[in-house]
Amino acid sequence: MAGLGLCGVLLGSLALALAWPNLPDLGAMIDYRPRVPLRIYTADKVLIGEFGEERRNVLRFNEIPDVMKSAILSAEDDRFYQHGGIDWAGVVRATLANLTHMSKTQGASTITMQVARNFYLSSEKTYTRKFYELLLTFKIEATLTKDQILDLYMNQIYLGHRSYGFAAASRAYFGKPLGEVTPAEAAMLAGIPKAPSRFNPIANFDRAKSRQGYVLGRMKSLGYLTEEEYQRAMQQEIVIKSALGTPAGGYSVHGEYVAELARQLLYGVYQDNIYSRGFNVYTTVNSQAQEHAYDAVRDGILDYTRRSVYPGPETTLDLPAGIENDPAQLDTLLDELQEKYADNGDVLTGVVLDASPTKITVARTSKEIIEVTDKRALRVVARGLAKNANDSVRIRRGSVVYLHKNGSYWEVINMPSVQAAFVALRPEDGAIQSMVGGFNFQEGKFNRVTQAWRQPGSAFKPFIYASSLERGLTPATQISDEPFTLTAAQTGSKPWSPKNYGRTYEPMLTMRQGLYKSKNMVSIRIMQAVGPKYVQDYLTRFGFDRERQPPVLPLALGAGSVTPLQLAGAYSVFANGGYRVPPYLIDHVTDSSGKVIMQAKPTIAGDAAARAVDPRTVYVMNDMMRGVATSGTGARVHRELKRNDVGGKTGTTNDSHDAWFAGFTPKLVGVVWMGYDQPRSLGSSETGGGASMPIWLDYMRHALKGKPETPPGPIPPGLTKIDGEYYFSEFPPGQAVARVGLPSPSDTPVDGGGRDNIGDLLNQLTGNTGQRREQPPDVPF
């Protein structure tokens, strides 16, 4: 026996000698740097996104409430401050209990052993791992204080629902900071580590409640709670409420598209390292403005959906008779429906129990039965309630529909298939103030603000007009509005006969009138007059991609491709006096300690190096676009906002595939797009003014509320106002282009075959030949 004992001692000493040097260094504990997720904030520090597998809110030891510490010690290791890492009394007690029950009913792991396992070891159940765990436990106890070990445990332990540490768990399950938990709540949290997937209150409330009772009993027996406190804790009703900013609780601001774009931008710099280093990204977005943008886009899409033909319910079930009298069965059916027809924000799934032309009864749950009776709501789905309704459209018992609370009344509405996007910029420096990339981020992360390349339609015309001002045309230039045609021989392919909206034409309009009325014929003749190649080059000053703006006449009608963000950046050039300021989203980034590691350095309007457009051109275009918003296609803007510092332009593409509104003040630019992801007509009566402008107005009512108007600045040098219109000094009356596409007063009309002469004329006007015309020149196209 002595020999065997000696051999055992020698073998143990040898194992210890071999294993001890191979134990991991405790640097990760001494210099504790937890895996903290990437967090995205608005400019006013509201959390809008969190990325990373581990959701964690790290607290210092003295910030953790005593009741939480007591609950943990009671549940996990009541002799923590007495033992040296291994509770031998606990080992004996657990061994006896397990032998008595002939199964493992108790464990003997201490908090220190759990810390060792969580930091350095796997969860495999082998004797080798257990041996290393014991050795590492001794090493931890010899290196760290008890308070340091407990602090590590409380911040590191996994507690279910992607929550690591008790501070994160408190927010995930109770919606409150850890410092505000009651003994009852602390006991429920302390009961989770034993089996996080089974004992957390969201996954299994009954088991969590049972475990809570055990922990409270331990707290009382160990003297942490009096009898009265124990009874009060046992009787307290536990309310499960996830805090905003947690996976279950969502966020207080709908900034999903903003957060995802910020993540992508940072990923481009740090790659996968961004998800655990505790980076905090502060965007330029304002939280209140962002929420107004979200509401405006949703409301605009729902308004369009109401105007559209009701397509019928999502599906129709064979609903058992009397199921409404069996709450459990009805709730089970409705829960299963959520998997395929999930709620979408305030658009909610339900099943029709009864339907008639005057009332639709819909079940949300067995306890929430909603009656749709408002005539406005019933009118939207009237074709589904008619006696002769087609089966695919008919609303009847068993129909799966979506409900929406429209102000004071409920309505049945189909899930929108149309999309919209909105972005607002600060033209002074390009800072994005708000961004919504679609109706529902959860259906796909495709951000239509930055990724959707669409034709801008008439919203592009101001850039065509601006190019002509620097080639001798003026707002008073008279331009033909008669139909325009190019033959197959002239185009080199097919004949081209563009149309005005509504197919209405006038003999002649001034440039100003043409912009107010958004006349296509006027825009085409302007572009033909100055030259498509010149226009293509000119557009790059606003930040447009040359390859996406081909030098052909249809470009005058917005036949190129832009994103809403690109268009907003281009309109910023008008708003800020002629400076190109690239849009940006991230203001600064800090590390987990709060140190700034990235800081934006935006281009500022006024920097001479950023000058893109002649200030005279900007002044004249702003004057004309304020007219559009006062008496042109955007006159609703002035009627509703009652401001004189707003300019803008509507835009509608062929067959109404895209509807736009771009508007601005000197302090804020906003662009709205609406359309289908797979381009198709929005409807023959849909326009930018009817579909997109209401979204822009809804946003601007809040954004401009209480903001003083910005009056036009002084007229720039080299620009004069004569007889109510503006003229460049080099193109005064008599030398500016007076007529385009019209016969001279003493001449007969000239067809498109003479357009080569326009190059000579414009060379003369720009001084390339050193000659001047004495009479007002005419451009016969």
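Predicted model: local features only at pLDDT ≥ 70, side-chain atom pairs only at ≥ 80, totals over all residues.
The protein has 781 residues, of which 52% count as buried, and its secondary structure comprises 28 helices and 24 strands. Among the contacts with a separation of 6 or more, 70% are accounted for by residues 24 or more positions apart. The accessible surface of the protein comes to about 35,300 Å², and carbon and sulfur atoms contribute 51% of that surface.

Two packed helices are described by the angle between their axes and the distance between the axes.

| Helix pair | Angle between axes | Distance between axes |
|---|---|---|
| α9 (residues 183-190) and α11 (residues 205-221) | about 110° | 8 Å |
| α3 (residues 66-76) and α9 | about 40° | 8 Å |

Helix α9 packs against α11 at an angle of about 110°, and α9 is therefore roughly perpendicular to α11. The crossing of these two helices, α9 and α11, is right-handed. On the α9 side the contact is formed by P183, A184, A187, M188 and A190, which meet F205, A208, K209, Q212, V215, L216 and M219 in α11. Divided by class, the residues of the contact of α9 with α11 are ten nonpolar, one polar and one charged.

Helix α3 packs against α9 at an angle of about 40°, and the two helices, α3 and α9, are therefore oblique to each other. The crossing in which α3 passes α9 is right-handed. Here V67, M68, A71, I72, A75 and E76 of α3 make the contact with P183, A186, A187, L189 and A190 of α9. The contact of α3 with α9 has ten nonpolar residues and one charged residue, with no polar residues.

When its neighbours within four places in sequence are left aside, R396 is in contact with T316, V352, A355 and D391. One of these partners, T316, is 80 residues apart from R396 in sequence, while the C-alpha atoms of R396 and T316 are 7.9 Å apart in space.

Terms used. Residues numbered from 1 in each chain as written. Heavy atoms only, no water. Axes fitted to C-alpha atoms, helices over the stretch in contact; angles between N-to-C directions. Helix = DSSP H or I, 4+ residues; strand = E, 2+ residues; numbered from the N terminus. Parallel < 35°, antiparallel > 145°, perpendicular 65-115°, else oblique. Left-handed = near helix turned anticlockwise from the far one by under 90°. Contact = heavy atoms within 4.5 Å. Nonpolar A, V, L, I, M, F, W, Y, C, P; charged D, E, K, R; others polar. Buried < 20%, exposed > 50% of the residue type's maximum accessible area, 1.4 Å probe, protein only. Areas by Shrake-Rupley, 256 points an atom, 1.4 Å probe, with all protein chains shown as cover.
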